[in-house]
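Subject: Structure handover

Hello,

Here is the structure I promised to pass on. Please open it next to this message; my notes follow below.

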Amino acid sequence: MTKAKYEPPKRGGLTRLKREIPFHLMILPALVLLIIYSYLPMAGIIMAFQDFRPILSFENSAFVGLDNFRFVFQLPGFHRAFRNTILIASLRIATGIGFPLLLALLINEVRKKWFARSIQTAVFLPFFLSWAVLGGIVREMFSLTGPINQIIEALGGDSIMFMALNNWFRFILVSTHVWQSMGINLIIFLAAITNIDLAQYEASEMDGCNKLKQVWHITLPGMLPIIILVSTLAIGQLLNAGFEQVLILYSPVVYEGGDILDTLVYRMGLIQRQFSPAAAIGLFRSVVSLILVGIAYWSAYKFSDYRIF
Amino acid sequence: MKKIFRILTLMMAVIFLVAACAPAVAPPADSVPENGEDVPSPPFDGDIWFSPMPEPITIRVGAGFGVPEGAVPPGTTLENMMLNELLADMFNIHLEWMWAVPGEQADERLQLALATGDVPDIISLSESIDFFELAGFDQLRDLRPAMDRYLLPEIREMYRYFNDVPLDISTVNGNLLAIPHVVDSFQGMPLIWYRYDWMTALGISQPTNMDEFQAMLQAFADNQMGGPNTVPLSMQGNEPVSWAPDARAIFQGYGSYPETWLNRNGELVFGTIQPETEQALLRLRDMYAHGLLNPEFATMNVDMVVEEIVADRVGAISGEWWLPNWPLNTHLEANPDAEWRGMPILTPDGSPGIVSIRRNNISLYHVVTTNAPPGTEEALMRIINLRWAIDYWPDALERFGDRILPESGYVYNWGPGRIILAHEQYVNFVALREAIATGNTDHFTSSQQEDLWLAYQVIEQGLETEEMSYATAWGLHVSRVAEGGGWDSNMQIMQNNQFIFNEFYGEPTPTEIARFSILHDMWLEFFASFVMGLIPETAFADFVNDWRTLGGDDWTAEVNEQFRELN
């Protein structure tokens, strides 16, 4: 072998690697967890193509091709659950971004810092509570004799069975989800706002911009990358309508408006032990989510030249 | 039909026979308690039920555990609990714990073990589907020879009380594949519990038919007996046929038995879709329309019903004999003036109601798997015998020593091979009635009977004691002993043959496995929407049609095929 004329700067690559080793080590635990909890279980996907019975194990369970998918797609409850999932999840995504964004803009304009901070903390608080706890609070709040209905009655309206009527039930799911999860996006958006160069505001004031115009021409464009990031990641959640929340709040009378794919799978898979059809629904959901995230990422890159990864 | 009649007659004969004799659970009289020894030698020297295994045997087990009951030392686990030591010392049986997981994970862990083929030698299966599946794949050993030779006669006697049906169910292709842990089916019958004090305050007499019952509920509502948010009839609407306060009393009053397989002239039919169900549903719909149910009853689970009761808002519930012992006693603590009473279910025309009970009353199948070491069947019998004796023999402490106390780390509800005296309520009832009639308590065989006696004295004789609060005593007494109480009502239903069986107990059929959750969801949704008046009054026919076409007819055909094979 003849010696190459040009040698790439090996030394540079090595030093860089050396320098970065601590960072790679820091990623390692997360990577291991990801492999153990997210990648290894993927082997279980095989269940979706089998008539899986625990006693026969993976090796001996019969392969049935796409039978499970056919079975699932023609289940009477499937289309309803699919429709509800998309509907509830889209509303969750829209409100889950819209409300915190609005609140972030408002809080940003608050002069008194202690006030802004206490609002921020109060909004963040329910994020730390599980639905097992929140469920009881929500049920109590929205029950027929609960505070919300008392207010409605005091204002001269008729009380509403929020938890037992299908249209209202969806509203409850979406609004309580916003209430519970708003804090995390709020913090992300507030952080994005602080990154915007203050000089731009000063300049715009000189040019005679009012507050509203500042928001429109400076704050929002400045936050755009973060908004796109949050939205793109959220689209991966389009088939995730909040299993825990729905499971705790729903009852058979609101299956029509509140039954989602996850709860359907839960009732079939865990209560009725139909592992294979449940795995088929799960796989279907994951594949659709993957495609959606791919599209969202691609369009973010294509249209706003923005790269997340 | 003839066979059913024969079974019923036989059952009644057994009941009266047992009733005539002393309670079935008594140790043989020739045994002499041993005193003054720290480590008692095996009791019943030379007695086969407690004889040690000829060779040491290691048995692999795995189980879930709940909160240990009693004053168990902290740090007690399945692996180090006293049962392990007792079995090793007394019988040469060494338990090897493959896993010990919290109770709620027990099933998942078991499924994993089945999937990997690494199964324990002895398993306690809680689901019929698992039992029949393992049996179908020839994974279980025949326990008949070991049972006939080694199982305590009094446990056999208990099965005989149930006409050996539990053993028949556990027998597949002529082999006895499980020692069943049974519960008394007669414990699962609905009664009506109602606020007697509200009724008398309104000057109403006890209702004798469904119309009068509804009129009483209407009076509760109109007079706001429980405040502005009175709930005359409370039930968990998210599961109208269950174990808790539900809608069974109304259904069964109409001769409707949802989610039950009924024998109609030798053919099994599903109770949910029978015409009687529509009648009961119309009644519930009418009650709802008149504000006699909680407007949101369809979203309510057990906890919410209990909350309502304790908040003094509820006038009546449909539920089983034990309700006074929970949650009605809790209500009594909150409101000592409340007076709950029970009555049999009511029918539209005032004739006696017929309730349904399950024929399959097995709650655990104790099985031995094929790969277990030889002799495991005999070892299982020893474990069962020992645990039974510890639980039920009044002189267990003298026989087995301090090691059976919770303080020593013996957890009575942990580990393999536990069988309960299923007809305990019956035995206690008979014993207590005798004590009340004669004033003599010498025949008592358990501390529970002593407790019930104390409760009787507190309630009926005005005894004041620090050992038992009035509400606790009331709960025990009214559920288990009192005239017109829970168990007394059950006894009358049994003796008057006012019950029918849920007939099907075979292996889940293919359609059932694939379709049950769909059909069940459909029923729950239909029930709630229909009673709330969200769908038209004529919707029942459509529901039946959907139920049948979406798998119900196939399921029915399969069930009937199996039923004919089994009988």
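Thr509(B) is buried, as 20 other C-beta atoms lie within 10 Å. The cut-offs: buried takes 20 or more other C-beta atoms within 10 Å, exposed 12 or fewer, partly exposed is in between, and C-beta atoms are placed from the backbone.

Before the rest, the ground rules. This is a predicted model, where local features need pLDDT of at least 70, side-chain atom pairs count only at pLDDT 80 or more, and totals for chains, interfaces and linings use all residues. Residues are numbered from 1 along each chain as its sequence is written, while chains are lettered from A and ligands numbered from 1 in the order in which they are written.

Thr509(B) sits in the loop between strand 15 (499-502) and helix 20 (510-531) of chain B. Helices (H or I, at least four residues) and strands (E, at least two) are DSSP runs, numbered from the N terminus. Leaving out residues up to four places away in sequence, Thr509(B) touches Trp555(B), Glu558(B), Val559(B) and Gln562(B). Contact here means C-beta atoms, placed from the backbone, within 7 Å. Ser185(B) is 324 residues from Thr509(B) along the chain, and their C-alpha atoms are separated by 23 Å.

Phe297(B) is in the loop between helix 11 (275-289) and helix 12 (302-310) of chain B. Phe297(B) counts as buried, with 29 C-beta neighbours inside 10 Å. Its contacts are Met235(B) and Gly237(B), again not counting residues up to four places away in sequence.

Domains and cores

Chain B has domain 1 (31-184 + 362-408) and domain 2 (188-357 + 501-566) in the domain assignment. Such bounds come from an automatic or database assignment. The C-alpha centres of the two domains lie 37 Å apart.

The largest nonpolar core has 204 residues. Trp193(B), Leu217(B), Val367(B) and Ile384(B) touch the most other members. This core draws at least three residues from each of domain 1 and domain 2 of chain B. A nonpolar core is a set of buried Ala, Val, Leu, Ile, Met, Phe, Trp, Tyr and Cys residues joined through C-beta atoms within 7 Å. Among the contacts of Val367(B), not counting residues up to four places away in sequence, are Ile123(B), Phe131(B) and Leu177(B). A second, separate core of seven residues includes Leu101(A), Met182(A), Leu186(A) and Phe189(A).

Strands in chain B

Strand 1 (residues 57-65) is largely enclosed by the rest of the structure, because seven of its nine residues are buried. Nine bridges join strand 1 to strand 2 (residues 93-102), and the two run parallel. Strands pair if DSSP finds at least two bridges between them. Phe65(B) has Pro102(B) as its bridge partner in strand 2.

Strand 9 (residues 261-264) and strand 10 run antiparallel, joined by four bridges. Asn263(B) has Leu268(B) as its bridge partner. Their hairpin has two residues between the strands, and Asn265(B) takes a positive phi near 55 degrees. Strand 10 (residues 267-270) has Leu268(B) and Phe270(B) on a covered face, with Glu267(B) and Val269(B) on the uncovered one.

The interface

On chain A, 22 residues are in contact with 27 residues of chain B. Helix 13 (residues 261-271) of chain A gives the largest share of the chain A side, three residues.

Best wishes

Conventions
Two residues are in contact if their C-beta atoms, placed from the backbone, lie within 7 Å.
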